[in-house]
There are 2 protein chains.
Amino acid sequence: MDTPRGVARLLSQVEGGSRQARYAIKDLEIGKARVIGLTGAPGVGKSTVTGALIEQFRAAGQRVGVLAIDPSSPFSGGALLGDRIRMQQHATDKGVFIRSMASRGHLGGLAAATPQAVRVLDAAGYDIILIETVGVGQAEVAIASAADSVIVLLAPGMGDAVQAAKAGILETGDVFVVNKADKPDVQEVVRDLRGMLAMGSWNAGWKPPIVCTVGSSGEGMAEVVAALNAHWEWLNSSGELDRRRLARAREEIMALALGALRSRLADRDVDSLAARVAAGALDPFTAADELLRG
Amino acid sequence: MDTPRGVARLLSQVEGGSRQARYAIKDLEIGKARVIGLTGAPGVGKSTVTGALIEQFRAAGQRVGVLAIDPSSPFSGGALLGDRIRMQQHATDKGVFIRSMASRGHLGGLAAATPQAVRVLDAAGYDIILIETVGVGQAEVAIASAADSVIVLLAPGMGDAVQAAKAGILETGDVFVVNKADKPDVQEVVRDLRGMLAMGSWNAGWKPPIVCTVGSSGEGMAEVVAALNAHWEWLNSSGELDRRRLARAREEIMALALGALRSRLADRDVDSLAARVAAGALDPFTAADELLRG
């Protein structure tokens, strides 16, 4: 646990399913880390901004753990584009731990495993834990939203403010980052975003700021960190942090319980019930009843 | 059931949860409709292509039911852009029934309700049932994938082939449509797509075709329908149709059973367990065990 290898082994156990995870996370001392979610459509520059954020936090002397749940992340499927390289500068930094959780299994499983992975990184002494997910699907957004602070990332053209609103991710944001601010139309994105945020209802006391960045040059990244720090202070002073962590614990317990029930059901004879339903000989509700009776 | 109002009432019962849905779908005679999924990133023109497809099927004398599960659909959240108007031409056509299922509840619930809504439209005599979902999240893609044929929609710029590959939707496609073919770079999208499809592994006997369209003018839409008809013939002759419908029944039963279990768990005292987990007094696995014991 005191070495990156020990952390990696615990994370593998967490990903290995509930039986192993149960022992891995037992007695871990947690609660010190700040958990930050980062979400946005494919193409807005999540990996570049994540890299730039790591740099900022490292410069402030903080240890950073990254959980990439995003199939478009350079830590996983992003090898498609070869931009995995961009992150290699952090590969030799002992204050940075990066783990891809994208390749394994379905999102339901990842939704259950991610909170445990956060526990492991927290207990290992990482001060900041970044959870990166692709920000369009409800399940993906929900994983990133189980954070103390959520960054919603936009960019001109691809994944602009209107598309983000349509995809329903705007309401989850605590800090909005408009990346690729050196491209044309960035002011249009900011204006659209401001207009749409004005229509939403927000927690009293926190108005989500909009920060423009160029992830590749680091421009604006200090402002992003300042906005995150202000949000962290607000979370602590308002009592919102406790509320969010309670909600996170609730979701974690429900996900584990439902995962256990799902395995029990899958062990039963779903296939013969499915054959009768597909043939029109049985309605699906009666089939579900029979499945539940075992 | 013989009137649009009767169909709408049954659909409301299906959306109302399992108790009502159970009676709504009991004894429905189904199995005649072709179910077509349509998925793609926000901005590729799903609503326009859906409208153009409706026109094609109507011209062939077929009745069309549409289930829009997509928050970016003009049938629901799309009012944001005012493009709801585009679909109004079908509002007075008795051979077309359009239902938005986007506004209610979370995706887990929609994943469970959609198969029942398909049953209702099937029994009501709609020959073609189109399920439209936003094609980035795994859960959203899975809903559209529970169809006989799946159209994956792309467009130059927004949601191009590389982004679609990163988002993991390419493997679900039976027919690929590159929309907005009057825009620059369309050949680049087709070339990228062809390259990526060449890397994938496909069902023996069906090589997914790529069709270029301009949804707004209807260009290429006849070719899309021809591709869908060819796929339908292949589904029937290869036995793949039975396999897909069996898988769909399996998912439907599992979703209903898990939904029932989720309600039972939510009725128990999750909050006090969550408080103990959030305070570090209890680990989440033990909490899940206690929850399951009730």
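Modeller: Gladly! One term to begin with: two residues are in contact if their C-beta atoms, placed from the backbone, lie within 7 Å. Please also keep in mind that this is a predicted model.

Biologist: Which residues does Leu11(B) touch, leaving out those up to four places away in sequence?

Modeller: Under that limit, Leu11(B) touches Arg99(B), Ala117(B) and Val120(B). Leu11(B) itself is part of helix H1 of chain B, residues 4-15.

Biologist: Why is Leu11(B) called buried?

Modeller: A residue is buried if 20 or more other C-beta atoms lie within 10 Å of its own. Leu11(B) has 23 of them within 10 Å, so it is buried. As for distances, Leu11(B) and Val64(B) are 53 residues apart in sequence, and their C-alpha atoms are 15 Å apart in space.

Biologist: What makes Ile54(A) buried?

Modeller: Ile54(A) has 23 other C-beta atoms within 10 Å, and the cut-off is 20 or more, so Ile54(A) is buried. Its place is in helix H3 of chain A, residues 46-59. Its C-alpha atom is separated by 8.9 Å from that of Leu130(A), 76 residues apart along the chain.

Biologist: How do you know that Ala230(A) is partly exposed?

Modeller: Exposed means 12 or fewer neighbours, buried means 20 or more, and partly exposed is in between. Ala230(A) has 15 C-beta neighbours inside 10 Å, so it counts as partly exposed. This residue lies in helix H8 of chain A, residues 221-238. From Ala230(A) to Arg250(A) there are 20 residues in sequence and 26 Å in space, C-alpha to C-alpha.

Biologist: What is the picture for chain A as a whole?

Modeller: Chain A has 11 helices and seven strands. Of its 294 residues, 53% count as buried. Among contacts in chain A with a separation of 6 or more, 75% join residues 24 or more positions apart.

Biologist: And which domains does the assignment give for chain A?

Modeller: The domain assignment gives domain 1 (4-238) and domain 2 (242-294) of chain A. Their contact takes six residues from domain 1 and eight residues from domain 2. On the domain 1 side, helix H4 of chain A (residues 107-123) supplies the largest share, three residues. By class, that side of domain 1 has four nonpolar, one polar and one charged residues.

Biologist: Let us turn to the loops. Where is Lys180(B), and is it buried or exposed?

Modeller: Lys180(B) is in the loop between strand E6 (175-178) and helix H7 (186-199) of chain B.

Biologist: Why does Asp185(A) count as partly exposed?

Modeller: Asp185(A) has 13 C-beta neighbours inside 10 Å. Exposed would need 12 or fewer and buried 20 or more, so Asp185(A) counts as partly exposed. Asp185(A) is found in the loop between strand E6 (175-178) and helix H7 (186-199) of chain A, and its phi is positive, about 75°, although Asp185(A) is not a glycine.

Biologist: Why are H10(A) and H9(B) called roughly perpendicular?

Modeller: Helix H10 (residues 270-278) of chain A and helix H9 (residues 240-266) of chain B pack at an angle of about 115°, with their axes 8 Å apart. The range for roughly perpendicular is 65 to 115 degrees, so H10(A) and H9(B) are roughly perpendicular to each other. H10(A) passes H9(B) in a right-handed crossing. Residues that meet there include Leu273(A) and Ala274(A) in H10(A) and Leu246(B) and Ile253(B) in H9(B). The residues of this contact divide into 10 nonpolar, no polar and four charged.

Notes: Residues numbered from 1 in each chain as written. Chains lettered and ligands numbered in written order. Predicted model: local features only at pLDDT ≥ 70, side-chain atom pairs only at ≥ 80, totals over all residues. Domains from an automatic or database assignment. Helix = DSSP H or I, 4+ residues; strand = E, 2+ residues; numbered from the N terminus. Nonpolar A, V, L, I, M, F, W, Y, C, P; charged D, E, K, R; others polar. Axes fitted to C-alpha atoms, helices over the stretch in contact; angles between N-to-C directions. Parallel < 35°, antiparallel > 145°, perpendicular 65-115°, else oblique. Left-handed = near helix turned anticlockwise from the far one by under 90°.
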